[in-house]
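Me: Could you walk me through how the chains of this model pair up? I would like each term set against its definition.

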Protein chains: 4
Amino acid sequence: MSLPEPSTPQRTPQGAQTAERILDAAELLFSERGFEGTGLREVARAAGIRAPSLYNHFPNKEALYAAVLERAFQPLLRLLEAFQAGGDESYTDPRLLEDIMGHLARHPNVSRLLHYELMAGGRRANAVLQGWLGSMYRNGLAALAGSPESGPWQADELPRLLFTMANVFTGYFAVAPAYAGLLGGDPLAPESIERQTRFLRKLWQVLWGTWEEEG
Amino acid sequence: MSLPEPSTPQRTPQGAQTAERILDAAELLFSERGFEGTGLREVARAAGIRAPSLYNHFPNKEALYAAVLERAFQPLLRLLEAFQAGGDESYTDPRLLEDIMGHLARHPNVSRLLHYELMAGGRRANAVLQGWLGSMYRNGLAALAGSPESGPWQADELPRLLFTMANVFTGYFAVAPAYAGLLGGDPLAPESIERQTRFLRKLWQVLWGTWEEEG
Amino acid sequence: MSLPEPSTPQRTPQGAQTAERILDAAELLFSERGFEGTGLREVARAAGIRAPSLYNHFPNKEALYAAVLERAFQPLLRLLEAFQAGGDESYTDPRLLEDIMGHLARHPNVSRLLHYELMAGGRRANAVLQGWLGSMYRNGLAALAGSPESGPWQADELPRLLFTMANVFTGYFAVAPAYAGLLGGDPLAPESIERQTRFLRKLWQVLWGTWEEEG
Amino acid sequence: MSLPEPSTPQRTPQGAQTAERILDAAELLFSERGFEGTGLREVARAAGIRAPSLYNHFPNKEALYAAVLERAFQPLLRLLEAFQAGGDESYTDPRLLEDIMGHLARHPNVSRLLHYELMAGGRRANAVLQGWLGSMYRNGLAALAGSPESGPWQADELPRLLFTMANVFTGYFAVAPAYAGLLGGDPLAPESIERQTRFLRKLWQVLWGTWEEEG
DNA sequence: GATGAATGAGGATTCATTCAT
DNA sequence: AATGAATGAATCCTCATTCAT
């Protein structure tokens with residue numbers, strides 16, 4: 001009666017499109033308001049359907065949330081895996097930083113979802129997240145330990161450095177909206193993200209002692 | 001019936017004690033579950049009363065939340081103000097870092113409240129937070145700009161550096177519980193906090209180029 | 001539109017089989033959980049289809065329920081009619097009792113459906129049931145009135161005696177599961193049903209004064 | 001806003017009265033429509049309150065149902081216990097029959113609740129009911145076994161006789177409404193209950209061989 | 001004949017809040 | 001200051017049903 005766009009009314013694509021719209025809507029809302037702050041009616045409205053229809057695609061709110069996390073975190077996981085496969089020296093290779101920053105910039109919801117989930121701690125046991133964190137932890141530990149760069153860091157400091165940097169990366173996007181009022185511009189505007197990317201690259205190099213003043 | 005611990009048992013009127021207990025309970029719960037994830041019944045139960053009694057002390061949930069934030073953020077604000085009064089060079093003085101870290105370590109809820117509030121962005125207009133952020137922003141900009149330390153940072157990078165460091169400080173406590181499973185120990189245990197403090201001091205010095213390998 | 005009735009299972013088309021499977025599933029579930037306690041999704045799942053497909057065979061839940069009752073009660077009705085045709089003296093003929101008991105034993109759902117329906121009283125106006133009860137009432141009144149057996153019963157007590165016995169017959173099966181825990185064995189096991197049949201035959205004879213101690 | 005009678009607005013009686021009204025309403029509705037057929041809104045409306053207020057008196061629907069059963073069955077339990085204490089010969093004493101019949105007649109809901117619960121079988125594990133049935137079973141077995149009356153019954157038939165009679169007693173009230181259309185009069189009218197009581201007394205005596213034709 | 005998708009109505013339950021006591 | 005009782009609004013979710021495919 002009020003379906004926005006039944007443009008291609010085939011069987012599967014139809015449902016798949018709806019599921020995708022639901023995931024899109026849910027990702028945005030969950031990332032903005034958190035799990036408990038998000039109502040399924042809002043999600044449904046944003047997806048262009050009524051709330052009960054959600055249950056044709058996801059068995060319940062938790063499952064929808066898990067699906068959102070899965071879809072949001074998987075690319076990051078893949079990025080990290082690809083990076084790990086690239087060799088040990090890559091941790092000080094700015095390209096990873098660039099790639100991750102680019103992905104986070106294109107998907108600012110991911111950072112926010114992650115922070116909400118991290119702050120929820122172990123309460124909402126989430127396999128996806130634990131997997132991702134675990135993978136990052138192991139990848140990081142192994143790679144940094146064998147890094148040819150010396151820098152000022154000792155082995156037992158690397159885990160903390162790792163988590164700190166992850167936090168710095170995602171933190172920018174997670175709390176970006178709160179900056180808007182103070183910094184004047186929109187922190188998620190391309191120009192601002194570009195500056196943040198440059199800033200983080202420099203920060204990374206400073207931390208590893210590879211920063212060189214340039215003209 | 002279940003009064004936990006009247007820390008300073010002077011002749012503080014019963015009501016004040018109750019209000020304090022409510023604030024304690026609310027601070028913990030809000031910091032753990034966020035605003036929408038926290039029910040007033042839980043707060044009341046944790047405070048040893050029934051939900052309607054909350055309204056004898058706070059006009060509504062939002063006001064209680066604001067009071068929690070106020071009480072939690074004010075000491076930090078004072079710290080920053082005192083620091084600002086201390087002079088321009090103090091931004092690279094490790095003692096501020098030490099003080100802030102100490103305070104955050106003793107009150108891990110503060111970091112979590114702050115992060116929740118930052119992630120909520122502008123939705124819950126909160127004067128306290130805006131004031132604190134604004135003060136930090138102005139203090140930071142002015143002080144860092146006149147800092148005698150050179151380091152690798154240029155004037156227009158200082159705001160980002162400032163926010164980044166703030167995020168690094170509070171982020172540790174905000175997401176600490178999620179680390180527990182991965183790092184093995186409890187990140188909020190004194191020993192772990194001690195190591196984090198040392199790590200952050202070193203990080204700070206590395207960033208400012210004042211780190212020196214020691215014996 | 002609805003009742004296909006493939007009474008004699010020849011080359012019954014696929015659809016008829018499905019309808020039958022639906023009726024089987026619905027009969028079991030309605031008899032176990034009652035009308036409101038039974039969901040169409042459960043019925044569909046038990047029949048191996050999805051809920052909307054039910055509507056290819058029955059116009060709605062009420063009609064499905066009515067069809068279940070019809071199919072379940074008709075054989076009993078036929079039994080009673082055949083018995084009535086057999087002559088007046090047959091009411092004290094133990095064979096009727098045997099036949100009815102046998103049928104109820106082979107179809108324990110029938111008793112349960114009947115009890116649920118009786119307890120629903122007049123709320124779900126059900127023509128089938130009213131017809132069956134009415135027929136039983138009339139048959140019973142006429143036949144018992146002209147019975148050659150005297151026994152201790154007077155004419156105006158016969159209706160009550162009739163209903164009481166009907167209740168005793170069906171009640172065993174309707175409430176049997178609740179006995180399981182107390183009586184030890186499964187009341188619907190053949191052995192237990194056999195004993196119940198013997199017991200009821202004796203009960204019937206005692207009531208009519210035709211019981212004789214035997215070896 | 002629409003409370004019918006806040007006549008005596010003391011603290012406890014007020015709530016107790018409400019709880020009682022809820023129990024009354026729930027007992028009637030549960031007994032008429034069963035557990036799943038009864039909505040809490042109906043219960044609330046019948047009790048003169050709104051649905052959420054139910055939760056000030058009972059934690060959930062199941063607990064309300066359990067409380068209804070408890071209140072409904074306890075008097076019967078007491079009756080049976082008192083009877084058991086009375087001595088072995090009492091099982092053939094018509095006074096017990098009279099008492100039980102009177103109680104059931106005054107509380108026809110009890111029979112209906114019992115039948116609904118029995119038909120639910122073990123699904124809704126109900127301690128009250130199991131306790132009552134267990135008590136009845138044990139009381140019955142012990143007492144009947146030592147009964148001075150001989151009658152036509154053997155020891156191993158007594159359990160079945162017991163359950164049969166219980167079924168006959170409660171069955172009348174449980175399915176009474178369905179009789180209304182057929183018997184003409186209201187089966188729950190005092191006159192009809194009186195006749196049923198006489199009928200059951202006679203039935204009992206016939207079963208024990210103590211019936212004597214009278215003038 | 002079968003079903004995925006959609007939905008209005010309603011399910012039980014929780015929420016923050018009010019008020020009389 | 002405290003709380004039982006009450007409630008409108010909203011929660012997640014299930015229901016029977018429809019319809020296009």
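**Chain pairs and their contacts**

Reply: Happy to! Chain A can be laid on chain B with an RMSD of 0.1 Å, by a turn of 180° and a shift of 0.0 Å along the axis. This is a predicted model, in which local features need pLDDT of at least 70 and side-chain atom pairs count only at pLDDT 80 or more, while totals for chains, interfaces and linings use all residues. Residues are numbered from 1 along each chain as its sequence is written, and chains are lettered from A and ligands numbered from 1 in the order in which they are written.

Me: What makes the turn of 180° and the shift of 0.0 Å a two-fold axis?

Reply: Copies are superposed by least squares on the C-alpha atoms of residues with pLDDT of at least 70 in both. A turn of 180° with a shift of 0.0 Å along the axis is the relation of a two-fold axis. The same surface serves both copies, with 100% of the contact residues of chain A recurring in chain B.

Me: How many residues does the contact take from chain A and from chain B?

Reply: Chain A gives 35 residues and chain B gives 36 residues, where contact means C-beta atoms, placed from the backbone, within 7 Å.

Me: Which element gives the most to the side of chain A that touches chain B?

Reply: That is H7(A), with eight residues; helices are DSSP runs (H or I, at least four residues), numbered from the N terminus.

Technical notes: Contact = placed C-beta atoms within 7 Å. Helix = DSSP H or I, 4+ residues; strand = E, 2+ residues; numbered from the N terminus.
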